[in-house]
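Thanks for coming, everyone. I have two topics today.

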Amino acid sequence: METILVLTHVDENGAALSKTSLEAVAAGVDLAARLSAPLTIGIVGADAAAAAASLASTGARLLAVAGETFAQPRYATDAAACEALCRAAQATIVLAPGSARFARIAAGVAHRLGGFIDTHITAIAGTDSVEATRWFYRQRVEAVLSRDARPWFLLLDSGTNTAFAGESGAAQVEQVAVELPAPRTTVSGICAPMLDAQTIRPDARMLFVTGAGWTKKQPDGQIHAVEAGDLILGFLRQTGASLGSSKSLVDQRGEDQPVLPFLTHMNQIGQTGATPRHAKGLSTCCHGEEPHVVGWRFIGDRRAVSLDPNCGWTRGKADVVYIADAFAVMAKLNALLEANKA
Ligand SMILES: Cc1cc2nc3c(=O)[nH]c(=O)nc-3n(C[C@H](O)[C@H](O)[C@H](O)COP(=O)(O)OP(=O)(O)OC[C@H]3O[C@@H](n4cnc5c(N)ncnc54)[C@H](O)[C@@H]3O)c2cc1C
């Protein structure tokens with residue numbers, strides 16, 4: 001019989017579990033029920049008490065590696081903590097969130113335990129065995145994996161499970177001791193851009209895509225790149241949407257053409273870009289060509305604003321297409337959002 005361990009870590013505030021950890025917990029609870037297998041949850045953080053209380057209703061065995069040393073992500077301490085949790089749980093299947101904190105240690109921990117790891121898992125099925133799903137070739141081929149190797153580590157992509165949200169209650173946590181190597185890394189602080197300077201927001205409900213049309217000559221024969229930038233940033237500020245772009249627009253930076261300075265290739269959506277997951281998507285000034293739209297695979301409700309009634313979006317790629325000038329539409333939309341706020 002399988003023994004399932006879910007590895008979790010606390011969020012930046014240090015007490016509650018991170019959202020991606022709670023998603024992994026939900027996947028673990030579901031898998032354990034289907035396989036009728038025992039479930040253990042391991043917690044890494046400075047103080048595991050609050051996190052453990054939030055997991056009381058899972059009925060799982062709770063293990064923790066806690067202490068100030070584990071407050072900050074650090075390869076040596078996180079890897080040692082997870083290794084100790086795996087050994088204490090004697091798990092055959094280990095689920096972990098594909099967070100920045102665990103993505104960098106999970107393969108190392110699997111190696112220390114003589115196990116095997118698969119990453120970017122989007123679903124786990126099976127009642128007699130474990131069947132893990134992931135995408136290959138830029139999200140074009142979906143594969144279902146099963147393996148005999150144990151322990152088998154599965155790193156779960158964020159946003160693919162609903163976060164566990166059970167009643168808090170009294171929880172008994174077993175503390176697991178860790179033998180740490182002599183520390184070589186001290187975390188002195190975090191340098192991060194202001195929250196509104198970060199335009200890529202994987203947890204946002206909406207993806208807002210900009211296309212090359214924003215920096216093309218408009219009906220008055222002029223380019224309005226500055227106005228375009230103001231409209232786009234204004235919309236992002238009001239809605240908290242994540243900013244995506246077509247390849248044509250981000251490529252312009254290297255071609256001496258007018259650019260939107262806050263866009264980089266990291267914003268690119270599509271075949272050679274990202275394939276994010278958001279409930280809704282709004283595309284503006286983008287033609288909706290196949291290499292771009294393939295990156296919209298996981299966007300729920302798709303809408304587009306384009307001047308071209310013959311564009312790719314109108315040919316069945318979007319749910320709703322507004323044939324309109326995006327400058328006018330976005331100015332009106334921003335004004336309505338502003339009025340709504342007041
Ligand atoms: C191998 C390969 C891989 C590729 N990978 C990607 C990828 O990952 N991602 C990607 O995006 N592309 C990719 N492409 C490029 C892709 O095929 C398109 O060239 C690109 O997506 C076009 O970008 P665009 O729609 O912004 O620009 P354009 O095709 O120039 O379209 C601009 C649109 O803006 C509209 N417009 C202009 N002004 C306004 C206005 N005021 N209001 C409303 N609409 C307006 C125009 O009508 C036009 O439809 C790839 C291509 C190849 C060959």
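The cover over the buried residues of helix 4 includes strand 1 (4-9), strand 2 (39-45), helix 3 (75-89), strand 4 (93-97), strand 5 (116-125) and strand 8 (152-156). Cover here means contact, with heavy atoms within 4.5 Å. Helices (H or I, at least four residues) and strands (E, at least two) are DSSP runs, numbered from the N terminus.

A word on the source. This is a predicted model: local features need pLDDT of at least 70, side-chain atom pairs count only at pLDDT 80 or more, and totals for chains, interfaces and linings use all residues. Residues are numbered from 1 along each chain as its sequence is written, and side-chain values use heavy atoms, leaving out hydrogens and water.

Which residues of helix 4 are buried? They are Arg101, Phe102, Ile105, Ala106, Gly108, Val109 and Ala110. Buried means under 20% relative accessible area (1.4 Å probe, protein chains only). Helix 4, residues 100-112, also has a kink of about 35 degrees, centred on alanine 106. That bend is the angle between axes fitted to the seven residues ending there and the seven starting there. Just after helix 4, glycine 114 has a positive phi of about 70 degrees.

Note on methods: Buried means under 20% relative accessible area, exposed over 50%, partly exposed in between (1.4 Å probe, protein chains only).
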